Amino acid sequence: MKIFKKIVALPTLIFVALFSCSSGDSGDKNTPGNTSTVVINTEIVGITTQLPNGNGTGMVKFNVSPNNATSYKIVFGDGETLETTTATFTHTYTSSGTKTYEVQVTAFDGLKYFSATKSIVVYVAPTEVWGDEFDVDGAPNSSKWGYDLGAGGWGNNEPQYYTNRLDNAIVQGGVLKIITKKETYSGSSYTSARLLSKGKFSFKYGKVEFRAKMPSGGGTWPALWMLGDNIDTASWPACGEIDVMEHLGNQMNKIYGTLHYPGHSGATADGSTTMISNADTEFHLYSVDWRADYIKFYVDNQLFKTFANTASTPFNDKFFLIINCAIGGNFGGTIDPNFVSSTFEIDYVRVYN
């Protein structure tokens with residue numbers, strides 16, 4: 001009888017061992033045909049031919065098979081995890097841009113754990129963190145914009161006097177109008193305006209979009225640009241300058257994108273140009289994608305310059321925004337003797353994370 005008990009006990013122990021040591025065991029449980037194979041099915045919301053990685057919401061629908069497990073643990077690859085008893089769930093990714101995530105799902109059937117991984121590529125649209133739609137008529141919003149005032153050439157022998165008058169800067173019909181005029185004012189022969197967000201808004205890294213229509217007339221020099229917050233202590237060009245867009249009335253339809261910093265400023269600045277059509281009769285989108293490793297310049301979402309940003313440049317601190325229209329000077333060039341007035345129109349400014 002003792003011998004019989006030993007013979008029976010041995011396979012019993014083996015049977016128990018087989019089912020008590022499966023947690024974390026990879027074995028062959030994910031091999032094709034195995035009923036315990038975990039399959040991760042995903043649907044990235046909003047995929048189209050034009051948007052192969054989703055519509056920008058970052059939402060992904062998951063369905064895991066088998067769907068009869070006792071519980072599931074999901075690691076989404078963005079630092080977030082989920083423990084649930086259902087095989088169907090959703091997750092929203094929030095980091096902007098197009099990124100690859102490694103998703104891991106572990107299913108528990110009451111006895112064993114089974115796991116699988118899957119890589120997905122998801123596009124998340126940037127989130128607007130600041131902007132001005134210029135939708136309230138009158139003076140520009142004083143909570144967002146201040147003014148640079150006066151004359152003195154502004155470092156480029158420019159003849160205009162910058163004012164804060166409605167004659168030179170006004171919001172009308174959903175656009176900001178920077179009006180450059182030929183007139184005698186405080187000893188200057190031209191007036192215009194220069195708005196800036198200094199002391200009201202600044203940011204480090206992100207995407208900036210300006211939708212604007214250029215003024216016309218030889219000598220006009222509109223600009224959409226940014227300066228380092230530390231300009232009062234570091235001075236220029238040590239503070240850094242990012243010119244999202246510059247245009248010259250003497251070079252119609254030629255768009256400049258430029259960076260100024262130590263060793264590359266003024267005439268030796270790091271810049272590129274691109275040609276467009278109807279710059280002064282149609283609105284175009286001028287934007288910069290500014291990150292720790294690069295700065296990219298676009299017109300109407302067409303890339304025309306890429307700058308390799310590094311820790312050694314001044315483009316790793318907060319910057320504020322500037323909108324202005326100069327006339328003449330070293331860069332603006334000869335002013336048309338028949339020039340009377342011209343308007344630089346900005347439909348909106350938007351800053352994304």
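**Entry 1: Tyr 185**

I began with Tyr 185, which touches Tyr 161, Thr 163, Arg 165 and Thr 191 when residues up to four places away in sequence are not counted. Contact here means heavy atoms within 4.5 Å. I looked up its place and found Tyr 185 in strand β12. Helices (H or I, at least four residues) and strands (E, at least two) are DSSP runs, numbered from the N terminus. Tyr 185 is partly exposed, with a relative accessible area of 25%. The cut-offs are under 20% for buried and over 50% for exposed, with partly exposed in between (1.4 Å probe, protein chains only). I also checked one distance: the C-alpha atoms of Tyr 185 and Thr 163 are separated by 9.6 Å, and these residues are 22 apart along the chain.

A note to myself on the source: this is a predicted model, where local features need pLDDT of at least 70, side-chain atom pairs count only at pLDDT 80 or more, and totals for chains, interfaces and linings use all residues. Residues are numbered from 1 along each chain as its sequence is written, and side-chain values use heavy atoms, with hydrogens and water left out.

**Entry 2: the whole protein**

I stepped back and found 3 helices and 24 strands in the protein. Of its 353 residues, 43% are buried. Among contacts with a separation of 6 or more, 65% are between residues 24 or more positions apart.

**Entry 3: salt bridges**

Side chains of opposite charge can pair when their charged atoms come close. I used this rule: a side-chain nitrogen of Lys or Arg within 4 Å of a carboxyl oxygen of Asp or Glu. How many salt bridges does the rule give? The count comes to 10.

I looked at Glu 133 and Arg 350, whose closest N and O atoms are 3.0 Å apart. Glu 133 lies in the loop between β8 and β9 and Arg 350 in strand β24, so the pair ties together parts that are 217 residues apart in sequence. Glu 133 is partly exposed at 30% relative accessible area, and Arg 350 is partly exposed at 22%.

Next came Asp 232 and Lys 198, which meet in a salt bridge at 2.8 Å, N to O. Asp 232 sits in helix α2 and Lys 198 in the loop between β14 and β15, so this pair links parts 34 residues apart in sequence. Is Asp 232 buried or exposed? Asp 232 is exposed, with a relative accessible area of 61%, while Lys 198 is partly exposed at 31%.

I also noted a network of salt bridges that links Arg 165, Asp 167 and Glu 183. Arg 165 is one of the residues that Tyr 185 touches.

**Entry 4: strands side by side**

Strands of a sheet pair through backbone hydrogen bonds, either parallel or antiparallel. Two strands count as paired if DSSP finds at least two bridges between them. I traced β11 and β12, which run antiparallel and are joined by 4 bridges. Ala 169 has Ile 178 in β12 as its bridge partner. The hairpin of these strands has 2 residues between them, and Gly 173 there takes a positive phi near 60°.

Then I followed an open sheet of 7 strands with antiparallel pairing, in the order β9-β14-β23-β16-β17-β18-β19. β9 and β19 stand at the edges with a single partner strand each, so one side of each has no neighbour in the sheet. Within this sheet I checked β14 and β23, which pair over 3 bridges. Leu 196 stands opposite Ile 322 in β23.

Most residues other than glycine have a negative phi, and most peptide bonds are trans. I looked for exceptions and found a cis peptide bond between Ser 65 and Pro 66, with omega about 0°. Pro 66 is placed in the loop between β2 and β3. The bond from Trp 236 to Pro 237 is also cis, with omega near 10°, and Pro 237 is in the loop between α2 and β17. Ser 235 lies in that loop too, and its phi is positive, near 65°. Ser 235 counts as partly exposed at 40% relative accessibility.

Where is Ser 186 found? Ser 186 is in the loop between β12 and β13. Its phi is near 50°, a positive value, and Ser 186 counts as exposed at 56%.
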